[in-house]
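My entries follow the order in which I checked things.

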Amino acid sequence: MFSITVAAVVFGVVFLAELPDKTALAGLMLGTRYRASYVFVGVAVAFALHVGLAIAAGSVLTLLPHRLLQAIVGVLFLGGAAMLLLKKDDGEEEVRKPADQSFWKVSGAGFMLILVAEFGDLTQIMTANLAARYDDPLSVGVGAVLALWAVAGLGIVGGRTLMRYVPLRLITKVAALVMLALGGFSLYEAIAA
């Protein structure tokens, strides 16, 4: 059964964690060079594939005993928060320009960029954790995909404007605080259960 609450929580956590990520900058760079809709299609398909893989991994985690699962999820969330707080700015990554502006070349470039850059990324691991925590793959999947698509859309269309008004450090700190709260709550549930 679909839970709008779970989807909304997942959306918020994944959105905040992905916003300061390098892929938002890569999407911005592609979006300034090519037709935005072509870039978005490729990026969206790659993110959907990553979420599917993360949901599958999270579903496997739910086979563990509840207390152990909550402890693992809590530690992984705390680790993710530490990664966000300690993360150094990588700067802009170079993106190879397709030889032509056709739909397949541009969307393929966006797909490959995200497929490679996001594999094993923090938000993919976080999505697996959320899938394990809530044991609701559909709600977690919808929330994560919509969050990643929203970040991609913002990066492709309006990233420069957003970054003028909202400092990247603030976004990163808010995402880390949310992850700390989720990690602490999961550890509390593991101990109190």
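I am working with a predicted model, in which local features need pLDDT of at least 70, side-chain atom pairs count only at pLDDT 80 or more, and totals for chains, interfaces and linings use all residues. Residues are numbered from 1 along each chain as its sequence is written, and side-chain values use heavy atoms, with hydrogens and water left out.

Core. I looked up the largest nonpolar core, and it has 33 residues. Such a core is a set of buried Ala, Val, Leu, Ile, Met, Phe, Trp, Tyr and Cys residues joined through side-chain atoms within 4.5 Å; buried means under 20% relative accessible area (1.4 Å probe, protein chains only). Val10, Val14, Val39, Met126, Leu130 and Val140 have the most contacts inside it. At least two core residues come from each of α1 (4-18), α3 (36-61), α5 (103-118), α6 (122-134) and α7 (137-165). α7 gives the most, with 8 residues. Helices here are DSSP runs (H or I, at least four residues), numbered from the N terminus.

I then listed the contacts (heavy atoms within 4.5 Å) of Val140. Beyond four places in sequence, Val140 touches Val6, Val10, Ile55, Thr127, Leu130, Ala131 and Tyr134.

Helix pair. I took α3 against α5: the angle is about 35° and the axes are 7 Å apart. Axes are lines fitted to C-alpha atoms over the stretch in contact, and angles run from 0 to 180 degrees between N-to-C directions. I noted the residues in contact, among them Val39, Gly42 and His50 of α3 and Phe103, Ser107 and Ile114 of α5. The contact residues divide into 13 nonpolar, 4 polar and 1 charged, where Ala, Val, Leu, Ile, Met, Phe, Trp, Tyr, Cys and Pro count as nonpolar, Asp, Glu, Lys and Arg as charged, and the others, Gly among them, as polar.

His50. Is histidine 50 buried or exposed? His50 is buried, with a relative accessible area of 3%. A polar atom of the His50 side chain lies 3.5 Å from the backbone oxygen of Ile114. Setting aside neighbours within four places in sequence, I find His50 in contact with Ile114, Leu115, Glu118, Phe119 and Gln124.

Ser107. This residue of α5 is also on my list; Ser107 is buried, with a relative accessible area of 6%. The backbone oxygen of Phe103 lies 2.7 Å from a polar atom of the Ser107 side chain. Outside four places in sequence, Ser107 is in contact with Tyr38 and Gly42. Ser107 and Val43 are 64 residues apart in sequence and 7.2 Å apart in space, C-alpha to C-alpha.

Conventions:
Buried < 20%, exposed > 50% of the residue type's maximum accessible area, 1.4 Å probe, protein only. Polar contact = N/O pair within 3.5 Å; in protein donor to acceptor, adjacent residues only side chain to side chain.
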